[in-house]
Amino acid sequence: MPASPTARTRVHRHPERGDYDLTTVHRVLDEALTCTVAWVDEEGQPRALPTIQARIDDTLYLHGSRGARAWKAVAAGAELCVVATVIDELVLARTSPHHSMNYRSAVVYGRAREVTDRDELYAVAAAITRHVLPGREDDAIVPGDDDWRETLIVAMPIDEASAKVRTGPPVDDAEVLDADVWAGTLPLRTVAGSPTPAPDLKGGIPEPPYLQEFRRP
Amino acid sequence: MTDQAPSARTRVRRLPELGVYERERVTAIVDEALYCHLAWIGPDGDPRVIPTIHARVGDTLYVHGSAASSMLRNVKTGLPVAIAITIVDGIRFARSMFEHSMNYRTVVVYGTAEEVTDAAELDGVFDAITDHVAPGRAAEARRPSPDELRQTTFIKVPLDEASAKVSEGFPEEPAEDVALPVWAGILPLRTTTGEPESDPLNVPGLQVPGYVTGWRRPGTSG
């Protein structure tokens with residue numbers, strides 16, 4: 001479902017990398033473990049906070065601290081810009097300015113509303129848990145109502161959004177292709193090591209199989 | 001090096017016990033992170049944020065800023081920016097869904113960005129950025145031409161209003177949750193490499209350099 005680019009979602013630098021298909025945006029938001037939310041504070045200064053996100057259909061949910069002044073501004077409806085990034089490969093060109101990365105990023109613009117509906121809050125808690133590692137949401141103990149006193153969940157529609165994607169080998173100018181410099185791509189991925197049980201883990205609890213399933217990208 | 005006193009913006013309010021203001025901690029995170037998220041204010045006063053590449057030289061953070069360059073040219077006093085850097089070290093599994101978290105290290109830098117215009121400084125920035133991505137690469141890659149230097153915008157921000165937030169360790173849960181039959185612990189995460197793919201246009205006989213096959217982030221064991 002392609003979205004029409006708006007003035008701010010249109011990709012100007014390397015327009016060939018722009019992808020306005022919201023399914024691409026969704027995939028990046030799902031695959032990136034974290035995102036950064038940016039807004040303009042009451043003093044007119046840009047602010048940026050890393051946080052964790054989850055997506056349910058066309059809604060992006062962000063998780064913050066109820067006690068933090070920064071999150072109050074977000075919940076109060078400040079204009080937001082959220083970015084999530086997945087790095088797939090390093091791109092090593094023969095010349096230093098042509099070095100790049102193969103990456104996928106998604107930017108979402110809009111305002112958020114605080115989630116207060118109890119059912120929605122519980123659905124978001126499960127979605128965030130699933131976002132990090134699918135399978136865990138069926139295992140972990142669901143939150144009690146008291147837990148929501150400190151945590152803020154905000155929701156923002158994913159409608160004014162775009163993705164930017166680079167793929168492929170390095171692009172060097174023709175006159176340097178005979179240079180004696182290796183060029184190519186180096187794939188990167190995030191992998192899990194061996195799980196370490198908590199020191200206070202009760203005996204007889206097996207390691208859940210989904211711990212072996214972590215893959216990104 | 002002296003510790004930086006937290007300013008109002010960089011004070012970590014959420015979990016104050018995680019606040020670390022030591023400059024070394026900030027610089028280690030900045031150096032290890034492959035990329036950053038650069039935020040600034042767009043032409044209509046709205047927030048903008050994009051992923052971009054950075055490198056640190058001493059107490060200065062250089063950021064590839066071509067996307068912000070149109071705003072940069074409209075301001076005489078520099079462009080206020082916020083730069084967020086995130087490294088996820090592991091997933092922290094608690095018994096309770098709510099106590100799940102990540103072990104992470106983040107840095108947020110606030111400041112006023114200026115365009116790098118001095119040719120010699122710009123030349124050095126290309127080296128720093130190239131070596132930030134793949135240490136050892138700058139010595140091998142062809143240097144930028146004067147035209148290429150002009151075509152690329154780098155901005156610089158002093159690393160003096162910055163804070164790190166570090167979350168590490170195991171979940172801490174009340175006894176009644178510890179008693180539950182749910183696995184808890186840490187799943188450590190790290191960035192690894194796959195097989196390098198040589199550009200089909202490479203001149204014959206070029207070997208994949210050691211800094212590619214042995215690539216790892218600074219401060220990590222790979």
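Partly exposed means a relative accessible area between the buried limit, under 20%, and the exposed limit, over 50%. B:Asp89, at 27%, is therefore partly exposed. Keep that scale in mind on this tour of a predicted model. The theme is salt bridges: the structure holds 28 of them over all chains.

**Stop 1: chain B, two strands.** Select B:Asp89 and B:Arg105. Their side chains meet in a salt bridge, 2.8 Å from N to O. B:Arg105 sits in strand β7 (residues 101-115) and B:Asp89 in strand β6 (residues 79-93), so the pair ties together parts 16 residues apart in sequence. Now check the accessibility of B:Arg105. At 17%, B:Arg105 counts as buried.

**Stop 2: chain B, loop to helix.** Select B:Glu168 and B:Arg25. This salt bridge has its closest N and O atoms 3.8 Å apart. B:Glu168 lies in the loop between β9 (162-167) and α5 (175-178), while B:Arg25 belongs to helix α1 (residues 23-32); the two are 143 residues apart. B:Glu168 is exposed, at 57% relative accessibility. B:Arg25 is partly exposed, at 30%.

**Stop 3: chain A, helix to strand.** Move to A:Asp30 and A:Arg55. Their side chains form a salt bridge of 2.8 Å, N to O. The pair links distant parts of the chain: A:Asp30 is in helix α1 (residues 22-31), A:Arg55 in strand β3 (residues 46-56), 25 residues apart. A:Asp30 is partly exposed at 29%. A:Arg55 is partly exposed at 25%.

**Stop 4: a network.** Finish by selecting A:Arg8, A:Glu79, A:Arg111, A:Glu160, B:Asp46 and B:Arg48 together. Salt bridges link these residues, from chains A and B, in a network.

Notes:
Residues numbered from 1 in each chain as written. Chains lettered and ligands numbered in written order. Predicted model: local features only at pLDDT ≥ 70, side-chain atom pairs only at ≥ 80, totals over all residues. Heavy atoms only, no water. Salt bridge = Lys/Arg side-chain N within 4 Å of Asp/Glu carboxyl O. Helix = DSSP H or I, 4+ residues; strand = E, 2+ residues; numbered from the N terminus. Buried < 20%, exposed > 50% of the residue type's maximum accessible area, 1.4 Å probe, protein only.
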